[in-house]
Amino acid sequence: MNREFYERQEGFHLAIKARLYDLALVLLRSVPARQVSESELIRRNLRNQVLNKIFSYIHENFGQDISLEEAAASVHLSKFYFSRFFRSQTGQTFHAYLNRVRISHAEDLLADTELPVTEVAYQSGFGSIKTFNRQFRTATGTSPSRYRAGER
């Protein structure tokens, strides 16, 4: 795959895909399938439903000030259980995910509109321009102004 990628001969995309399919087949055949009980399927389904509610809540409300307590209450969990649950399911904290959603929205606004950076920050849910600039630079490696100018 590496050679195909660097040589870039005609059809290299197909060759790389073929090798990935070969790898997937080897893994499928070598890793024993595990039977999942019905109770485990029910637990997974409930976890997925809770996660979907959390994600919906975040995506509907990221432009506002969302506290951990409010997010936990939206799915009827304590903030302590909610924090552990969210991190175990997503691999990141609630606030890290919320900031990523906000930064992603800000990236879209910066690329697609002429709104002032301050307005982008507020529409993306940041309470201050200083926090927005710091979070944006941490997430993207550049300032909002430079991002808009094409330094992505």
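## Tour of the helix packing

Start by selecting α6 and α8, which are roughly perpendicular to each other (angles of 65 to 115 degrees count as such). Helix α6 covers residues 94–112 and helix α8 residues 129–140; the two pack at about 90 degrees with their axes 10 Å apart. Axes here are lines fitted to C-alpha atoms over the stretch in contact, with angles from 0 to 180 degrees between N-to-C directions. Helices are DSSP runs (H or I, at least four residues) numbered from the N terminus.

This is a predicted model: local features need pLDDT of at least 70, side-chain atom pairs count only at pLDDT 80 or more, and totals for chains, interfaces and linings use all residues. Residues are numbered from 1 along each chain as its sequence is written, and side-chain values use heavy atoms, without hydrogens and water.

Next, show the side chains between these helices. Asn 99, Arg 100, Ile 103, Ala 106, Glu 107 and Leu 110 of α6 meet Phe 132, Gln 135, Phe 136, Ala 139 and Thr 140 of α8, where contact means heavy atoms within 4.5 Å.

Move to α3 and helix α5 (residues 79–90), whose axes come within 11 Å and cross at roughly 100 degrees. That makes α3 roughly perpendicular to α5. In α3, select Arg 47, Val 50, Leu 51, Ile 54, Phe 55 and Ile 58; they meet Phe 82, Phe 85, Phe 86, Gln 89 and Thr 90 in α5.

Finally, select Arg 19 and Asp 22, both in helix α2 and three residues apart, about one turn of the helix. They form a salt bridge with the closest N and O atoms 2.9 Å apart (the rule is a side-chain nitrogen of Lys or Arg within 4 Å of a carboxyl oxygen of Asp or Glu). By this rule the count comes to six salt bridges.

Technical notes:
Parallel < 35°, antiparallel > 145°, perpendicular 65-115°, else oblique.
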